[in-house]
Amino acid sequence: MYLRKSMSLMGALLAVIATGAEGRTLIQNKGSDTLVNVAQAWAEAYQSVNPDAAVAVSGGGSGTGIAAMINGTVDIANASRKMKDKEIKMADERGHHPVEHIVGFDALAVFIHQDNPADTLTIEQLAQIYGRDGKARKWSDIGITVPGCKDEIVVVSRQNNSGTYAYFREAVLGKEKYRNGTLDMHGSKDVVDLVEKTPCAIGYSGLAYATEHVKMVCVSKDGQACVSPSVETAGNGAYPIARPLMMYTNGEPQGEIKKYMDWIMSDAGQCIILKKGYAPVRPVQCN
Amino acid sequence: MFEISALNQRNKKVERLFRTLFLMMVLLLVLPVIVILATLIIKGGPIISFEFLFTSPTDGMTAGGILPALIGTVWLVSVALLVSVPLGVAAAVYLNEYAGNNWFTRVINLAIINLAGVPSIVHALFGVGAFVIFFKFGTSILAASLTLAIMTLPVVIVATRESLAAVPMAFREACWNMGATRWQTIRRVVLPNAVSGILTGVILEVSRTAGETAPIMFTGAAFFLPYLPESIFDQTMALSLHLFVVSTQVPGVPEALPYGVALVLVTMVLIMNSLSIAFRVYLRGKKKW
């Protein structure tokens, strides 16, 4: 009795599942945690632009997106770093041909606690703090006294598959490795949250993650005047720790994917990335 | 007659001491449950509304509701149950009713125990390799639910086996003596008498499946989807992943939102559990021994 009833019930359910509706074009979009909030905003806004297409957004990091592109499980991979030659070769071998599109620029802001009196830091000082061979382990090593802090610098970094982690290392440390004993956070927001609560801390994250409870330092490179991170200084290349944000498509985009990419590059799409705190690829007028 | 000896008195003291000690342990166990529920209700309660439950997220997921995640979790759990319950019950029936005590059965038992011990993130990687890439299901409800089903299979098998073993042997013998076959006995006597125990396994599975994040993160759950899933080949949002996303990945989320999501997840599991428990109590009332 029980068995027959439950079996027929199961059959009915399976039938319902099998007849699920199709018809809408689904665009798979995955990758960079830096870009994920912009990608989500694009997907949300695109609903009303083109109801025939739907964009599914997932995060996980640039590495996740690039791996998915190599495996052919996404239509558009988001990355906050360029694909390595080795990765492009691996994709080619599997019959996928990644094409790069720069969709905006990101400035990595260096965050310190509000009570920290420092206003300017040089790239060299940052390398002293973050590098394995760096000498700065205490705030006094770079001539700063932080109220409410016992002098030891709390160095906040990111987990090593993050594009932000890779880019900050490239821009600040060059070939040098990160020092041991950094606190590696699993999201840009976590970095800012931690710095907000820790007087001794220093951390880096995308400009978009800034809050009014943390301080962003003005960064100078090669003895030049310091530049504060902002949408303008990221876009015009003045800020020393700014990078392009990329979307990779499999081959030149076609059909619905092309429509979506074109819309992202249009004024409407670029205004969304601006609103999220990143720099657009060209000056746009937004209301 | 009997004097209360010093030894006796000491024994009584020790007795009281341990009684109190164990009672404290029990209270200590209940405490986290109360604190968690109270925090969720106080911090997340105010945000719960009809709109929160039945609309999609808006403004970069900092406002609006959680409908796609709620529906997604229901999909994931239902499809996982559809796969693991028949499979798990069938396996348990074989192991308890048919299998002899030989090396083959022992190997299977060992495999089930090991499957239960595999960390969920390993199941996730297996799911990506097997269902997403090899079987080409893509990141979909199907791939995610199959991963969840494999992960929770041991729970169903173990619970079912125990409840089958609890059906008195005399029931089977009586049935066989009437000339019934093994299958007739299982279908008419053993399974109906074991249903309440099987449900216990299902309850445990539902709770675990609804809460898991790692196995679905790579196999089928999306950060954001602008529509509700329509078939098992669609991706889906899920409450557990949504909770992770709004608490760690999105800037500017109001503080109550993650608590609200957590409260909905916990309430959903509690409701499902209470329903099955009520059903179990009803069935137990009809038990014949």
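User: What radius of gyration does chain B have, and what would a compact globule of 289 residues have?

Analyst: The radius of gyration is taken over C-alpha atoms, and the globule rule is 2.2 Å times the number of residues to the power 0.38. For a compact globule of 289 residues the rule gives a value near 19 Å, whereas chain B has 24 Å. Along the principal axes, the C-alpha atoms of chain B fill a box of roughly 80 × 60 × 35 Å. This is a predicted model, in which local features need pLDDT of at least 70, side-chain atom pairs count only at pLDDT 80 or more, and totals for chains, interfaces and linings use all residues. Residues are numbered from 1 along each chain as its sequence is written, while chains are lettered from A and ligands numbered from 1 in the order in which they are written.

User: Which domains does chain B have, and how far apart do their C-alpha centres lie?

Analyst: Domain bounds come from an automatic or database domain assignment. In chain B the assignment gives domain 1 (2–34) and domain 2 (69–251). The C-alpha centres of these two domains of chain B lie 41 Å apart.

User: How many helices and strands does chain B have?

Analyst: Helices (H or I, at least four residues) and strands (E, at least two) are DSSP runs, numbered from the N terminus. Chain B has eleven helices and two strands. Their order from the N terminus on is α-α-β-β-α-α-α-α-α-α-α-α-α.

User: How is a pair of packed helices described?

Analyst: The description uses the angle between the two axes and the distance between them. Axes are lines fitted to C-alpha atoms, for helices over the stretch in contact, and angles run from 0 to 180 degrees between N-to-C directions. In chain B, the axes of α3 (residues 67–98) and α6 (residues 141–166) come within 6 Å and cross at roughly 35°. The contact of α3(B) with α6(B) has 23 nonpolar, six polar and two charged residues. Here Ala, Val, Leu, Ile, Met, Phe, Trp, Tyr, Cys and Pro count as nonpolar, Asp, Glu, Lys and Arg as charged, and the others, Gly among them, as polar.

User: What share of the residues in each chain is buried?

Analyst: A residue is buried if 20 or more other C-beta atoms, placed from the backbone, lie within 10 Å of its own. Buried residues make up 40% of the 289 residues in chain B and 44% of the 287 residues in chain A.

User: Which domains does chain A have, and how many residues of each are in contact?

Analyst: Chain A is assigned domain 1 (9–105 + 245–275) and domain 2 (106–242). Two residues are in contact if their C-beta atoms, placed from the backbone, lie within 7 Å. By this criterion, twelve residues of domain 1 of chain A are in contact with 14 residues of domain 2 of chain A. On the side of domain 1 that touches domain 2, α2 (33–49) and α3 (62–71) of chain A each supply at least two residues. That side of domain 1 of chain A comprises four nonpolar, six polar and two charged residues. The centres of the two domains of chain A, taken over C-alpha atoms, are separated by 30 Å.

User: Which elements of chain A give two or more residues to the side that touches chain B?

Analyst: The contact takes 29 residues from chain A and 25 residues from chain B. The elements in question are α1 (2–18), α2, β2 (53–58) and α7 (188–197) of chain A. The largest share, eight residues, comes from α2(A). By class, the side of chain A that touches chain B has 15 nonpolar, ten polar and four charged residues.

Methods: A residue is buried if 20 or more other C-beta atoms lie within 10 Å of its own, exposed if 12 or fewer, and partly exposed in between; C-beta atoms are placed from the backbone.
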